Amino acid sequence: MNTGWTREQMAARAAQDIPDGSYVNLGIGIPELVTRFVPAGREFIYHTENGMLGMGPPPAEEDRDLDLMNAGKKYVTAVPGAAYFHHADSFSMIRGGHIDVCVLGTMQVAANGDIANWSTGAPGAIPAVGGAMDLVQGVKNIYVITQHSTKTGEPKLVEKCSYPLTGAGVVSRIYTDLAVVDVTADGFRAVELAPGITFDEVERKTGAPILPLE
Amino acid sequence: MINKQVSSAAHAVADIPDGATVMVGGFGASGSPIELIHALIDQGATGLTVINNNTGNGEVGLAALIGNGQVSKMICSFPRSSQSKVFPQLYKEGMIELELVPQGTLAERIRAAGAGIPAFYTPTTVGTVLAEGKETRDFDGREYVMEPWLKADYALVKCETADPLGNLTYNKTARNFSPMMCMAAMTTIVQTKNLVAAGEIDPEHVITPGIFVSRVVEVPSPVHEDTLIAEGRSYP
């Protein structure tokens, strides 16, 4: 019985939409899985905010280089042709529109493309933003991978974000466990349904009006 | 003949006064100048404003400086992580001030200070709470937020190779904020793994030109924050 896409299938579906030769920045969590599903014949170059293009997979523990980490502070490797640079250059690549695709996780995404993925705004919580606000403003295409609903069943695709925004009107496409959803001038539009999932179910679990497949 | 080498980390940080603003290089553990930070703990200056991407991990390095009560304000983009406990505790007790700056804006504010540019406009934070109260302006039909330069009295930086003129190279992603911090501080103090004679670094490979560096200390076997934490170490 089909119950929608797994985390891996969501990442694989997102990878299908990234053109050959793209410079790609991946957020922490499900977006990191995209590297495992690069379609045959395509090459992506991965950017990490802390100063590298050409990031490769994690090393074996005995091959760790303590000076080679990614933005999630995990040990990584460099592929042949990689380049190192300082933070101002790294964010010039982001803010200057040189990175083609950023795939992010989120807490909420709204029908107008607003995204909220850095803070719940809860009193007493320690705010931490990192590079998220730079990425959503600077990268050409902002894709989101997320479960369609929270663990308690609340919709994550909403009319208006209740959490503090990371950026306004920046998201173009969303990959959930149930569907691929575009942010259009008319709000959400379903563009593909996961196997076994009906549009009725997607509509019921979306916190804003959503247009059916064309 | 210019020679910026000083004999020890203790000597290098001796004149940092109470209330100074200090930039500390590194992104998490990567590139963190642990020996210089520990020398500043031994030196004891208090009321410091510290600029770093994070707030340290475990009970060594930057976290230990904060835990020792020497820091009154942190300026950073991501003040917590899986292994940070010192800053979160003090922040919740209201014992330390936080200025949260998006990572790219932090890097550019530091760069701007070093480049003599008092402010710049960025699209980052437009439409968010972090833009509240800030001047905005339209360029080509898009809204941007004005951000001021970020200067410091001192910078503490770790590099891979230096010469007595202060020319520096770094190692991989340990470079991160350090080149901009060298530019933005009045006094830049560098710890280097290798100290070589002038001319031994190919001029084409110099990342930080010596004009941005004040003092160089040789630390041939620098400790790494992750190693210290894995060993359960604390400082002092």
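Predicted model: local features only at pLDDT ≥ 70, side-chain atom pairs only at ≥ 80, totals over all residues.
Reader: How do you know how confident the predictor is in chain B?

Author: By the pLDDT, a confidence that runs from 0 to 100. Chain B averages 97. 100% of its residues score at least 70. For the complex, the predictor gives an ipTM of 0.96 and a pTM of 0.97.

Reader: What makes α5(B) largely enclosed by the rest of the structure?

Author: A residue is buried if 20 or more other C-beta atoms lie within 10 Å of its own. In α5(B), 12 of the 13 residues are buried, so the rest of the structure largely encloses the helix. Among them are B:Leu106, B:Glu108, B:Arg109, B:Ile110 and B:Arg111.

Reader: What do those buried residues of α5(B) pack against?

Author: Elements of both chains. From chain A come α2 (87–95) and α3 (132–138). From chain B come β1 (21–24), β5, β7 and α6 (178–184).

Reader: What comes just after α5(B)?

Author: B:Gly116, with a positive phi of about 75 degrees.

Reader: What does α5 (residues 103–115) of chain B lie across?

Author: It lies across β5 and β7 of chain B. Its direction is at about 155 degrees to β5(B).

Reader: Why are β5(B) and β7(B) called paired?

Author: Two strands pair if DSSP finds at least two bridges between them. β5(B) and β7(B) are joined by 4 bridges, so they meet that cut-off. They run antiparallel. B:Tyr121 stands opposite B:Met146 in β7(B).

Reader: And how do you know that β6(B) and β7(B) pair?

Author: By the bridge count again. These strands share 4 bridges, in the antiparallel sense. B:Thr136 faces B:Val145 in β7(B), and B:Phe139 stands opposite B:Arg142. The hairpin has 2 residues between the strands, and B:Asp140 takes a positive phi near 50 degrees there.

Reader: What makes β5 and β6 of chain B the edge strands?

Author: The order is β5-β7-β6, in an open sheet of 3 strands. β5 (119–122) and β6 (136–139) each pair on one side only. Neighbouring strands of this sheet are turned by 40 degrees against each other on average, direction ignored.

Reader: Which helix of chain B gives the most to the side that touches chain A?

Author: α5(B), with 6 residues. α4 (86–92), α5 and α6 of chain B each supply at least two. The contact takes 39 residues from chain B and 33 from chain A.

Reader: What classes of residue does the side of chain B that touches chain A have?

Author: There are 16 nonpolar, 16 polar and 7 charged residues.

Reader: What is the order of strands in the open sheet of chain A?

Author: The order is β4-β3-β2-β1-β5-β8-β10-β11-β12-β13, with 10 strands and mixed pairing.

Reader: How many bridges join β11(A) to β12(A)?

Author: 6 bridges join β11(A) to β12 (residues 187–193), and the strands run antiparallel. A:Val183 has A:Phe188 as its bridge partner in β12(A). This hairpin has 2 residues between its strands.

Conventions: Residues numbered from 1 in each chain as written. Chains lettered and ligands numbered in written order. Axes fitted to C-alpha atoms, helices over the stretch in contact; angles between N-to-C directions. Contact = placed C-beta atoms within 7 Å. Nonpolar A, V, L, I, M, F, W, Y, C, P; charged D, E, K, R; others polar.
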